[in-house]
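Please read them beside the structure.

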Amino acid sequence: MKTLEEINNIRETKRRELDLRVNTSADTREKHILVCHGTGCTSSKSPKILENFRKIIEEKNIENVRVIQTGCFGLCAKGPIVIIRPEDVFYAMVKPEDCEEIIEKHIQNGEIVERLLCKDIDNSVVKKLDELTFYKKQKRIALKNCGVIDPENIDEYIAFDGYKALQKVLFEMSPDDVINEVSNSGLRGRGGAGFPTGKKWSFTKMAEGDQKYVVCNADEGDPGAFMDRSILEGDPHCVVEAMMIAGYAIGANKGYIYVRAEYPIAVKRFQIAIDQARDYGILGDNIWGTEFSFDLEIRLGAGAFVCGEETALLESIEGRRGQPRLKPPFPANAGLFGKPTLINNVETYANITKIILNGAEWYSSIGTETSKGTKVFALGGNVNNIGLVEVPMGVTLREIVFDIGGGIPNGRKFKAAQTGGPSGGCITEENLDTPIDYESLKAIGSMMGSGGLIVMDDSKCMVNLAKFYLGFTYDESCGKCTPCRVGTKRLLEILERITEGKGEEGDIEKLEKLSRNIKNASVCGLGQTAPNPVESTIRFFRHEYEDHIKNKHCEAGECKALMKLFIDPEKCKGCGLCKRNCPVGCISGEPGKTHSIDTEKCIKCGTCITKCPFHAIANK
Amino acid sequence: MIHLKINDRDVEIEEGSTILEAARKINIDIPTLCFLKDINEVGDCRMCVVEVEGRRGMTPACITKAQEGMIVKTATPAILEAREVVLDLILSNHDRKCLTCIRNGSCELQKLAQEFNKDEIEFDGERIEKTIDDLSPSIVRDNNKCILCRRCVAACKKVQGIGAIDCANRGFNSSVSTYKELSLKDVNCTFCGQCIEACPVGALKEKDSTKEVWRALRDENKYVVVQTAPAVRVALGEEFGMEIGSNVAGKMVTALRLLGFDKVFDTNTGADFTIIEEGTEFINRLTTGGTLPMITSCSPGWVRYLELNYPELIPNLSTCKSPHQMFGAIIKSYYAEKMGIDPAKIYMVSVMPCIAKKFERTRDDMQGVEGLDDVDAVITTRELARMIKQAHIEFTGLEDSGFDDPMGEATGAAAIFGTTGGVMEAALRTVAEKVTGRTFDNLNYEDVRGEKGIKSATINLDGKEVKVVVASGLKNAETVLEEIKSGKADYQFVEIMACPGGCVMGGGQPIRTSKERATIDIRGKRAGALYTIDEKSTIRKSHENPILKKIYEEYLGEAGGHKAHELLHTSYVARDKYNLE
């Protein structure tokens with residue numbers, strides 16, 4: 001147990017001690033080696049790197065150096081990432097065997113290990129994190145502490161204003177003040193639908209009930225999305241604190257966080273955070289001598305995407321099959337165990353403490369008219385800088401893809417970007433300058449979604465893309481309602497047929513009719529949005545569908561069944577590499593002369609394309 | 001009262017009503033499939049979607065509560081298209097062999113297909129072949145026909161508190177399954193058949209026994225005797241389009257003769273035997289310090305439930321066989337002897353409102369005469385109707401006729417066996433007079449009548465109080481048993497029927513649609529007809545049945561005596577809920 005005074009002392013002393021983390025001119029002889037321990041870098045051996053650093057430091061008996069695990073820095077494409085503070089030198093793609101060199105050169109001799117520095121988009125070598133184009137257009141609010149603090153150390157969280165917002169709320173604000181502040185900030189649900197957070201809080205506060213609950217939805221399931229995971233891994237206490245503030249505001253003393261079991265690191269760190277907060281008396285009864293009591297529990301999801309739907313999530317917490325409930329009643333009135341329940345997603349909570357501390361006015365000054373603050377995106381697909389980015393609302397997609405993301409690799413062309421995952425739609429070249437906010441994205445047929453942002457180059461077939469997403473929703477449908485259970489299967493079958501060259505006249509109309517009615521008649525958000533990728537790709541790439549159906553041709557060359565490989569006589573030098581590597585022997589030709597492919601025999605494996613040194617083999 | 005507008009028409013309806021109920025009130029019907037009032041109110045199938053002004057998307061009428069000022073549209077082109085697509089999708093994943101389906105003509109899905117003028121399946125596609133479970137003696141489960149409405153799941157779990165079936169897997173691979181996909185015979189299924197009554201299609205049906213009965217009827221060496229349970233006569237007419245609650249005993253007997261049965265007897269006589277034996281057993285337990293409360297044993301679904309879930313209460317179960325088993329034993333012993341027929345040649349067919357009777361017939365210790373089953377075949381009310389239709393007998397035009405002598409005359413007490421509380425009432429009529437030694441004029445025990453799931457009463461027998469309780473539906477049974485186990489209740493006599501409402505609502509009775517179940521008091525009408533039979537009977541107490549008196553005198557000796565025990569009583573076994581071997 002720690003008294004309020006003790007916590008304030010920790011904040012002061014620790015903050016001084018950790019000033020070098022955020023201040024390059026900090027007056028200290030100490031150095032902190034920060035090693036990313038997010039899931040991405042962890043899977044590329046960052047724990048081994050940390051271990052090596054510590055071992056070497058001990059062996060060499062070096063003083064004033066500390067090695068710290070942190071959450072995600074964001075630039076996952078360049079992981080494992082190591083940053084040395086206070087000078088803020090950024091080492092990319094570090095291997096465990098590089099530790100010795102970093103210690104000897106950098107720590108002991110003050111020399112920078114040039115070969116481990118990161119290259120920017122223009123190929124210039126960058127020493128500091130802030131100098132990277134990747135970071136320049138970002139604004140970190142939700143991710144503020146990610147990559148700065150050790151997520152498993154509550155003192156470090158406290159040092160950077162941790163539990164200060166809770167303190168402010170408990171001693172200086174009424175529950176209504178808190179709700180007003182959140183309302184005025186303009187914060188909207190970051191889970192995807194964008195419902196005004198303040199409104200949700202106020203509904204739950206107004207609902208009558210002897211018991212209320214605060215729930216955090218951490219069942220992040222969109223393919224390619226890892227925003228919430230990174231927040232939980234990098235700054236779990238900020239979610240604990242925000243849930244407590246929410247509990248105070250709506251009158252709840254109990255919270256649940258529903259995390260997918262596939263996030264073991266997040267689960268572990270969140271549990272540590274809960275334990276530490278309990279240990280410090282921050283979670284528990286009569287916190288800091290006030291009337292307010294709050295405790296928190298983790299519930300693990302068992303791998304069903306539909307449990308990200310709030311009512312299915314509640315069913316799952318209650319121990320039943322994860323299936324959505326009819327709305328209304330909304331969870332604000334009848335949620336967990338039938339009691340008024342506030343459900344927000346991780347990223348939404350991650351904004352709360354900052355809003356409380358810096359004020360609604362500050363927060364609402366960021367972003368656009370209707371969408372305030374920032375949004376975290378997991379940038380993936382055919383883009384150079386794959387990773388986690390946080391941008392102010394209103395930034396254009398072009399800025400995210402080409403500036404922050406560093407553009408499309410391998411000299412290919414941008415074709416489309418998908419936001420909103422399997423519930424979203426694609427955004428084409430012509431809409432790249434649309435400012436990112438809830439309304440604009442909806443207007444162009446997509447949605448904000450939870451933050452997955454997949455970039456596709458011109459090698460991607462859009463029919464195949466729709467098929468991929470439908471394969472996902474088909475697989476993840478809970479099976480409760482007919483339109484989603486059978487409808488997604490039928491959509492998938494039609495798409496499969498088209499990509500296999502068996503598309504029929506009228507298939508597009510069938511897809512449209514089916515999509516329309518699945519959306520109208522499904523029980524929950526999963527079914528209601530499942531046809532979006534189909535509708536959106538038909539809207540923007542109808543010609544690709546027609547090409548598949550009528551001409552049995554896939555322009556992007558992704559649909560193998562439609563591939564017709566041929567050798568360009570202009571480019572072929574007759575080297576014979578393709579012929580030697582063809583597994584079915586369907587390529588013939590004399591050495592030095594143009595070769596040819598027997599398309600009847602060809603199994604479209606594509607080996608010849610990858611083997612040809614002259615790029616002479618292509619899809620007709 | 002709530003005021004709303006449906007298709008521009010004003011509707012006034014009680015608060016708490018659904019849009020569906022409000023619409024039906026002004027004769028606007030909305031198609032439903034998964035909806036089963038009070039049982040399955042989930043809004044899953046999406047057939048009943050409507051538009052409510054101000055709400056995104058469409059909403060299910062069956063479970064959305066009507067609200068003041070609501071503006072509802074039930075048949076816009078968009079709604080009709082959505083319903084048609086939903087129906088198409090269900091049909092696309094349904095085994096559409098309608099001609100050879102038992103529910104051909106009574107299938108709710110088939111009716112919808114007709115109403116929507118389906119002449120093709122627009123979104124046809126893959127269907128996963130499923131194995132049919134026909135291993136149990138009572139129920140056949142064919143998941144190829146299942147449309148995942150889950151009415152059966154709700155009936156099993158919510159009404160009966162069993163949960164033998166539930167939804168397994170997810171999405172397109174969802175299926176209604178048992179634990180580890182075992183056969184129903186190897187899980188905690190009680191064979192009550194409420195799932196069959198709930199099923200809108202042919203995914204669940206009784207194990208057909210008509211073929212073996214036809215075979216017996218064709219066999220010249222067999223003396224084929226049929227008996228019919230009390231609840232059958234008040235429901236059979238429904239299969240021929242007659243009013244619910246019509247007593248068709250006379251036509252039924254005529255039809256059975258036309259089908260070729262050698263003798264047509266009444267299970268009610270068996271019920272009178274049950275009262276004599278059970279009444280005697282109760283009085284013995286009461287007076288000699290036997291295990292109390294005594295619980296009735298005429299409902300085989302209930303008996304199996306107890307064996308599966310409360311084996312420790314087996315001593316409380318009356319050792320009496322159920323009426324048709326008793327009657328079968330009497331026919332193969334007393335009657336065979338008296339008529340000079342080789343009992344081995346007698347083929348005893350029971351027409352029952354119940355599918356658990358099919359299982360009961362096969363139980364151990366159901367052979368009153370050494371080596372011979374008391375009953376050789378059990379057919380349900382539905383199966384009898386099918387046999388009559390197969391023989392092209394114009395049922396509604398038949399003349400009435402009476403059951404065969406010498407077993408034909410039964411009491412009013414026996415008739416009410418077919419409804420919840422009936423066995424208790426019949427027993428009390430006898431017990432009261434036996435215990436007090438005087439004659440009672442008022443024979444109606446109103447406290448144990450009616451639709452309530454649990455009904456208790458204290459009966460004063462000249463100073464001696466007897467506490468009784470009646471429960472129907474296994475969920476209610478569970479409540480009563482828990483009360484007994486925890487010592488919260490001190491009943492002496494308990495009647496339990498597996499099916500909610502008793503045998504009139506048995507798993508072998510005519511299947512009514514979801515709409516009929518929501519709008520008609522089916523139980524009340526069928527039970528009402530039984531009470532009318534009782535009222536009109538000249539003899540209304542089992543112990544006054546002259547045939548029984550005669551048989552006890554001539555053959556059985558004392559009630560509860562050695563011979564009676566041999567023929568009319570049975571034993572029970574504790575059963576494992578799941579047979580994994």
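1. In this predicted model, Pro80(A) sits in the loop that runs between strand S2 (65-70) and strand S3 (82-85) of chain A. The bond joining Gly79(A) to Pro80(A) is a cis peptide, with omega about -5°.

2. A cis peptide bond also leads from Arg85(A) to Pro86(A), where omega is near 5°. Pro86(A) belongs to the loop between S3 and strand S4 (89-91) of chain A.

3. Lys552(A) is not a glycine, yet its phi is positive, near 50°. Its loop lies between helix H22 (532-550) and strand S16 (565-567) of chain A. Is Lys552(A) buried, exposed or partly exposed? Lys552(A) counts as partly exposed because it has 16 C-beta neighbours inside 10 Å, while a buried residue needs 20 or more and an exposed one has 12 or fewer.

4. Asp365(B), likewise not a glycine, has a positive phi of about 60°. This residue is placed in the loop between helix H12 (356-360) and strand S14 (377-380) of chain B. With 14 other C-beta atoms within 10 Å, Asp365(B) is partly exposed.

5. The largest nonpolar core holds 366 residues, and Val239(A), Ile245(A) and Val225(B) have the most contacts inside it. The most residues given to this core, eleven, come from helix H11 (residues 236-250) of chain A.

6. Which residues does Val239(A) contact, leaving aside its neighbours within four places in sequence? They are Cys216(A), Ile231(A), Leu232(A), Val346(A), Tyr349(A) and Ala350(A).

How values were computed
Residues numbered from 1 in each chain as written. Chains lettered and ligands numbered in written order. Predicted model: local features only at pLDDT ≥ 70, side-chain atom pairs only at ≥ 80, totals over all residues. Core = buried A, V, L, I, M, F, W, Y, C linked by C-beta atoms within 7 Å. Helix = DSSP H or I, 4+ residues; strand = E, 2+ residues; numbered from the N terminus. Contact = placed C-beta atoms within 7 Å.
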